[in-house]
Amino acid sequence: NQVAYISPAFTMETVLIESQLISYAPKSLQVEIKMWNEAHTKLKALLWVKFIHVDIAAQKAVEHAAPYLQLFADVLLPVEQTVFEERAGWLMRNGS
């Protein structure tokens, strides 16, 4: 997981949380999560999370079933930047 704190969120402040699937592989998902101010004009934080599909009984990573892979393909919203620091910098220049 990677996180960038861009501007402070204050106690009791209303924020918006936005997430999108930015990449996937047979055994994993990469999700970008952004926290914005209530007006959706100032980015407050950026988080990239990698989820690994694990079979708990087998205690190992396994591939997603075909219907899930199709779902991931349908909802995928990739970003141009593939390096977290580049993405955070781009969003700070262009997204807030």
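View 1. Ser28 sits in strand E3. Strands (E, at least two residues) and helices (H or I, at least four) are DSSP runs, numbered from the N terminus. The model is predicted: local features need pLDDT of at least 70, side-chain atom pairs count only at pLDDT 80 or more, and totals for chains, interfaces and linings use all residues. Residues are numbered from 1 along each chain as its sequence is written, and side-chain values use heavy atoms, with hydrogens and water left out. Ser28 is buried, at 11% relative accessible area. Buried means under 20% relative accessible area, exposed over 50%, and partly exposed in between (1.4 Å probe, protein chains only). Leaving aside residues up to four places away in sequence, Ser28 touches Lys50, Phe51, Ile52 and His64. Contact here means heavy atoms within 4.5 Å.

**View 2. The whole chain.** The protein has two helices and six strands. From the N terminus the order is β-β-β-β-β-β-α-α. Along the principal axes, the C-alpha atoms fill a box of roughly 45 × 30 × 20 Å. Of the 96 residues, 31% are buried. Among contacts with a separation of 6 or more, 54% join residues 24 or more positions apart. Accessible areas come from the Shrake-Rupley method with a 1.4 Å probe; for residues, only the protein chains shown count as cover.

**View 3. A salt-bridge network.** The structure holds four salt bridges. Each is a side-chain nitrogen of Lys or Arg within 4 Å of a carboxyl oxygen of Asp or Glu. Glu18, Glu32, Lys34 and Arg87 are linked in a network. The side chains of Arg87 and Glu32 meet at 2.8 Å, N to O. Arg87 is in helix H2 and Glu32 in strand E3, so this pair ties together parts 55 residues apart in sequence. Glu32 is buried at 0% relative accessibility, and Arg87 is buried at 7%. Lys34 bridges to Glu32 at 3.5 Å, N to O. Glu18 also pairs with Lys34, the closest N and O atoms being 3.5 Å apart. That pair links strand E2 to strand E3, 16 residues apart. Lys34 is buried at 7%, whereas Glu18 is partly exposed at 29%.

**View 4. The buried residues of helix H2.** Helix H2 spans residues 84-94, and its buried residues are Phe84, Arg87, Ala88, Gly89 and Leu91. Their cover includes E1, E3 and E4. An α-helix has 3.6 residues a turn, so residues three or four places apart point the same way.

**View 5. A nonpolar surface patch.** Ile52, Val54 and Ile56 make a nonpolar patch of about 310 Å². Patches are made of residues with over 30% relative accessible area and no salt bridge; like charges are joined within 9 Å, nonpolar side chains (Val, Leu, Ile, Met, Phe, Trp, Tyr) within 5 Å. Ile52 belongs to strand E4, residues 43-52. Ile52 is partly exposed, at 45% relative accessibility.

**View 6. Two loop residues with positive phi.** Met12 is not a glycine, yet its phi is near 70°. Met12 lies in the loop between strand E1 (2-5) and strand E2 (15-25). Met12 is exposed, at 78% relative accessible area. His40, also not a glycine, has a positive phi of about 60°. The loop between strand E3 (28-37) and E4 holds His40. His40 is partly exposed, at 38%.
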